[in-house]
Amino acid sequence: MRKTDIVDFALVRVAEDNLIARLGCGFSQLAVELLDHADTHVIEAAQALLAADSLQVRSQGRSYLTLPPEILHKMCWRIVAALELLSGSHSDNVIHNARALIASYDEAQTAPASARKIVYFLGDENRAALSNPHHAGVYLFVAYLSADLNIGHDHILRLIGFESAFPMKVMLAAAGFPEHAALQTMIDLRSQKLSVREAALFEAEYTHFIPEMARQQICDWSSARSLFLSSGRT
């Protein structure tokens, strides 16, 4: 199973789970508030986000619902092949179940997709709420950065979860976070990783970041990531 995209997916989910745990594992308060929004598109997306992020969907046996469709397809047929190899026989029932599972999957109902839809339909007046991870929750916060910086959901999670704080610092500068808001976000999302030295360096360096240069750096990282994932190397 050591394909680059599958390994990357696993690392992203670890980073995502760590962020959810640091934020208290609760639902997005912003998504709850948006259930009363005037735009029906926002309401429907908020309902889908809350449903996707529910304990029922996170429960044991349902984790496949977080997989991107291409990885779900790949893993299903690898599991089918492994089962046939172990049993030494072809099973029409296993193949039928695999096809049914793939057919029933709806990526539009996943938490990241619902969060992207919310961000798309919300106006600039919600920028402050979306940029606050404690209020917005992981999915809406990441979707907000993804839309602003034009990079993928998973890439943002990898940058946040990186061992060094530097990638996240560049990302927040590129998104135009003021210094005090950026530092608070770093503390909220990297409290267990942010060393005293990194916090001191943050205060000394952050104001010197030029947003345009930070955006270019993010773009370069995104291109390098796409090339790496497409190469198939691990």
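Mentor: Start with arginine 225 and aspartate 8. In this predicted model, the two form a salt bridge, with their closest N and O atoms 2.7 Å apart. Arginine 225 sits in helix α14, residues 211–231, and aspartate 8 in helix α1, so the pair ties together parts that are 217 residues apart in sequence. Is the pair buried or exposed? Both arginine 225 and aspartate 8 are buried. The pair also belongs to a network. Asp8, Arg158 and Arg225 are linked in it by salt bridges.

Why can such side chains pair at all? Opposite charges can pair when the charged atoms come close. Here the cut-off is a Lys or Arg side-chain nitrogen within 4 Å of an Asp or Glu carboxyl oxygen. The 2.7 Å contact between arginine 225 and aspartate 8 counts because it meets that limit. Across the whole structure, a search finds 6 salt bridges.

Glutamate 16 and arginine 13 are both buried.

Arginine 13 has a further partner. It forms a salt bridge with aspartate 154, where the closest N and O atoms are 3.3 Å apart. How does arginine 13 come to be classed as buried? Its relative accessible area is 13%, and buried means under 20%.

Asparagine 150 lies in the loop between α9 (133–149) and α10. It has a positive phi of about 60°, although it is not a glycine. Asparagine 150 counts as exposed, because its relative accessibility is 69%.

Now go back to the end of α1. Phenylalanine 27 is found in the loop between α1 (4–22) and α2 (29–33). It is partly exposed, at 48% relative accessible area. Together, Phe27, Val32 and Leu35 make a nonpolar surface patch of about 240 Å².

Next, a helix pair. Packed helices are described by the angle and the distance between their axes. The axes of α5 (residues 69–87) and α6 (residues 92–104) come within 10 Å and cross at roughly 170°. That angle makes α5 roughly antiparallel to α6. On the α5 side, the contact is made by Leu72, His73, Cys76, Trp77, Val80, Leu83 and Glu84. On the α6 side, the residues are Val94, Ile95, Ala98, Arg99, Leu101 and Ile102.

Finally, the whole chain. It has 14 helices and 0 strands. Of its 234 residues, 40% count as buried. Consider contacts with a separation of 6 or more: residues 24 or more positions apart account for 70% of them. The chain exposes about 12,800 Å², and carbon and sulfur atoms supply 57% of that area.

Technical notes: Residues are numbered from 1 along each chain as its sequence is written. This is a predicted model: local features need pLDDT of at least 70, side-chain atom pairs count only at pLDDT 80 or more; totals for chains, interfaces and linings use all residues. Side-chain values use heavy atoms; hydrogens and water are left out. Patches are made of residues with over 30% relative accessible area and no salt bridge: like charges are joined within 9 Å, nonpolar side chains (Val, Leu, Ile, Met, Phe, Trp, Tyr) within 5 Å. Accessible areas come from the Shrake-Rupley method with a 1.4 Å probe; for residues, only the protein chains shown count as cover. Helices (H or I, at least four residues) and strands (E, at least two) are DSSP runs, numbered from the N terminus. Buried means under 20% relative accessible area, exposed over 50%, partly exposed in between (1.4 Å probe, protein chains only). Axes are lines fitted to C-alpha atoms, for helices over the stretch in contact, and angles run from 0 to 180 degrees between N-to-C directions. Angles under 35 degrees count as roughly parallel, over 145 as roughly antiparallel, 65 to 115 as roughly perpendicular and the rest as oblique. Contact means heavy atoms within 4.5 Å.
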